[in-house]
Amino acid sequence: MIEQTIEKRMDVSRQLEKEMSQLRNLREVLSRSGQVATNVSSILDSFEHRLARLETTILPLYQQTGNLQRRQLNTEKTLQELDYVISFYNVAGQVEAVVKERPSSIGVPQYLEAMNRLAETCKFFEQNNPQSVEIENVTSLFEIGTDLLSKEFRDELKKYQKPVPPIVTLELLEEEEVSEDTISGVELMPPGVREDLRAIATWLDKHNNTDRLTVYAKLRSDALSQSLKALRDFQRSSSIERGGAPGSLNSPGPLRARVAKLDSTSKSRTQKISNRANRMLQKAITGHVSSRRQATTPGTVGEEGLEDSDVELYLNQVTALHRLAFAELLLSQQLVPEDRVTRTFELILRDPMDQLVAEGEGLASQARRSVGRGDHQAVLSVLAMLRHVTNMQPEYDRLLTNCQTSIRSKFAAIINMLQETCVRALEGFVESVKSDGERALPKDGTVHEVTSNALIFTEQLLEYAVTLSPMLQRDPILSASLSNLPRGIDLSLTAKALLGAYIKRVLVNLGLALVSRSEAYSDATLKAIFRLNNYNYILKTLHSSELLNLVALVEPQCDKLYNDQIMEQKRLYSQSWSRVLHYLVNHEDVPLSVIQAGKLRDKERQLVKDKFAGFNKEMEEMSKVQRSYSIPDRELRESLKRDNMEYILPKYQAFYDKYVNVAFTKNTEKYIKYSPADVSNMVDKFFDVAA
């Protein structure tokens with residue numbers, strides 16, 4: 001135990017000695033560190049004193065050097081400004097030779113670079129030295145250059161102010177849908193020229209020279225008008241070259257009269273394209289050409305009227321103006337500043353649009369004159385124009401989207417003007433049906449000319465039902481006739497119903513005119529024949545066309561009404577046999593018992609003689625008269641003959657059989673002149689003047 005304690009004390013002593021040794025070492029290190037710190041502090045103090053002396057020595061020198069540098073910089077800037085100012089005094093001499101040359105001779109980019117220098121020089125003198133003599137030289141040279149640029153712009157435009165070749169225009173007409181890609185194929189001027197003109201236009205616009213936009217619009221407007229005229233002349237001359245009449249545009253001739261250098265292959269291609277374009281236009285006027293020739297009112301031939309060729313040309317012009325105007329818009333977008341494209345485009349279109357309106361008014365006036373002379377078929381040409389113009393309206397609306405109302409309204413004015421012409425013509429036609437009924441009645445009771453003309457005209461209106469709809473809707477009476485139609489019907493059916501209501505009005509007035517005029521017949525039978533012919537013609541025409549379907553939309557009983565009228569006229573016609581039947585069916589007759597006994601008294605023999613003589617006379621007279629009647633419809637004619645035979649032959653057969661073997665006269669052939677077969681033959685020759 002004691003040993004352990006002693007050992008622990010020894011360990012502690014050893015440890016204490018070790019710690020004391022380390023403490024002494026630490027004190028030595030600390031002493032050396034303090035000495036080093038003292039030395040460093042002395043060095044830093046010495047360095048600080050030296051820096052203070054250096055600052056006192058260097059700072060004035062530094063300030064002097066900075067002042068010298070600033071002076072040097074100011075001097076350099078002054079020299080640069082002097083060089084800059086001096087350069088403006090040299091510009092006129094440096095660019096004079098370039099500016100006085102024609103821009104295209106040295107290159108538009110180089111010329112514009114020289115003009116930019118002049119513009120900058122003018123601006124400098126105006127701002128800094130307006131009284132300088134040099135400003136007069138520079139300004140004068142600048143004005144010369146501006147004038148030359150304007151002249152270059154104008155001359156280049158005139159150089160390419162050529163009408164678009166008709167063949168190119170016809171290719172555009174062939175396109176059912178047009179786009180920028182389609183129209184971009186029309187090269188109004190070469191790309192290089194467009195780039196130069198665009199650069200000149202941009203420069204002139206930047207320097208407030210806006211007069212060139214007016215020049216541009218005028219020249220391009222003239223070019224557009226020339227292109228339309230070239231197309232019109234081409235189609236007319238092509239027809240003549242092919243040996244056709246000037247009014248025929250369906251077979252354009254070869255191009256040798258216009259483009260002598262084209263070979264036979266290109267000529268063939270031209271004819272194909274022209275034919276295809278005209279076939280498209282024929283769809284717009286299908287039917288009305290031949291109909292007008294068939295239904296032209298006598299007495300109007302040779303008078304000034306609406307020519308079918310003029311209508312076709314006008315339809316071409318409407319489409320061609322849209323296509324070519326589209327091309328002009330694309331060109332304007334390349335040559336005219338964006339904010340002035342619309343205004344410039346309006347100026348380009350103004351004259352051609354006015355010309356199109358004037359041509360339309362001229363054609364409408366011709367149509368009105370034709371209608372005034374009784375040629376109501378002329379309105380079909382106006383309807384063809386109206387349908388085509390109406391179909392083109394959405395394309396024009398898209399083209400003129402940003403234009404002023406005054407421009408957009410021009411195309412709408414064409415539609416309004418054509419619609420007004422049609423409305424007046426349609427109203428005039430109804431009135432003419434009334435007045436034309438006063439024309440001389442046909443002596444043979446055939447179909448009246450006014451009836452055939454009215455039905456031909458109304459039948460030709462069928463294909464224009466949709467076109468006529470907006471005009472017919474203006475009439476409150478016609479619109480009211482739609483009240484019985486189901487709600488929600490489509491526009492096509494509404495258009496047909498409106499046309500049906502108009503046709504009904506025509507038919508009603510036609511019927512009244514026929515009844516009124518037929519009262520002039522002194523012969524009641526001929527009156528019945530006349531009405532029968534006309535009613536039958538009307539009904540058959542209604543059935544053979546779509547007319548009855550349209551009229552039935554507003555008058556479901558139309559078919560029945562005409563059939564009832566036909567049956568009534570047949571009944572009235574049958575009364576023509578009354579004088580004949582007077583001798584066949586009479587209460588004064590020889591008793592059968594007397595005939596069987598064969599003992600006729602003189603009075604009875606005379607009665608039989610009178611019956612046969614009276615029958616013969618009336619039958620001969622009736623045959624003579626009714627052969628002069630005309631029933632042009634074969635079915636109706638045969639029907640009446642059959643009705644006559646069924647009506648008269650049984651009665652005459654009974655009469656004939658009763659007396660043929662009776663000895664009432666010694667001169668039998670004088671009284672029994674006609675057998676039932678002979679009477680049948682006589683009836684069969686009714687309504688045949690050549691029989």
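The following is a working chat about a predicted model of a protein.

Q: What are we looking at, and which pLDDT limits apply?
A: This is a predicted model, in which local features need pLDDT of at least 70 and side-chain atom pairs count only at pLDDT 80 or more, while totals for chains, interfaces and linings use all residues. Residues are numbered from 1 along each chain as its sequence is written, and side-chain values use heavy atoms, with hydrogens and water left out.

Q: How many helices and strands does the protein have?
A: The protein has 27 helices and zero strands. Helices (H or I, at least four residues) and strands (E, at least two) are DSSP runs, numbered from the N terminus.

Q: What share of the residues is buried?
A: Of the 691 residues, 44% count as buried. Buried means under 20% relative accessible area, exposed over 50%, and partly exposed in between, with a 1.4 Å probe and protein chains only.

Q: Which residues have the most contacts inside the largest nonpolar core?
A: L499 and Y502 do, in a core of 177 residues. Helix α11 (residues 308-335) gives the most to this core, with 14 residues. A nonpolar core here is a set of buried Ala, Val, Leu, Ile, Met, Phe, Trp, Tyr and Cys residues joined through side-chain atoms within 4.5 Å.

Q: What is Y502 in contact with?
A: Leaving aside neighbours within four places in sequence, Y502 is in contact with L426, F429, V430, F457, L461, L472 and L478. Contact means heavy atoms within 4.5 Å.

Q: Of the contacts between residues at least 6 apart in sequence, what percentage joins residues at least 24 apart?
A: In this protein, 80%.

Q: Switching topic. How many disulfides are there?
A: A search of the whole structure finds zero, a disulfide being a pair of cysteine sulfur atoms within 2.5 Å.

Q: Are C122 and C558 buried or exposed?
A: C122 is buried, at 7% relative accessibility, and C558 is buried at 4%.

Q: How many aromatic pairs does the structure hold?
A: It holds 17. Rings of Phe, Tyr and Trp (its six-membered ring) pair if their centres lie within 6.5 Å; planes under 30 degrees apart count as stacked, over 60 as edge-to-face and the rest as tilted.

Q: What about Y652 and Y656: what kind of pair do they form?
A: A tilted one, with 6.0 Å centre to centre and 40° between the planes. Both lie in helix α25 (residues 634-659), and because they are four residues apart there, about one helical turn separates them. Y652 is buried at 0% relative accessible area, and Y656 is buried at 17%.

Q: Which cluster do ring pairs build there?
A: Ring pairs link F612, F615, Y652, F655, Y656, Y659, F664 and Y671 into a cluster.

Q: What lies over the face of Y647?
A: K651 does, at 4.6 Å from the ring centre. A charge sits over a ring if NZ of Lys or CZ of Arg is within 6 Å of the ring centre and within 35 degrees of the ring normal.

Q: Where is F687, and what is its phi?
A: F687 lies in the segment after α27 (676-684). Its phi is positive, about 65°, although F687 is not a glycine. F687 is buried, at 7% relative accessibility.

Q: What does I631 touch?
A: Not counting residues up to four places away in sequence, I631 touches I529, N533, L636, R637, L640 and F687. I631 sits in the loop between α24 (602-627) and α25 and is buried, with a relative accessible area of 2%. I631 and F686 are 55 residues apart in sequence and 9.4 Å apart in space, C-alpha to C-alpha.

Q: And K673, where does that lie?
A: K673 lies in the loop between α26 (668-671) and α27. K673 is partly exposed, at 39% relative accessible area. With neighbours within four places in sequence left aside, K673 is in contact with N616, E620 and D678.

Q: Last one: is M567 buried or exposed?
A: M567 counts as exposed, at 52% relative accessibility. M567 lies in helix α21 (residues 558-574), and its C-alpha atom is separated by 8.5 Å from that of L532, 35 residues apart along the chain.
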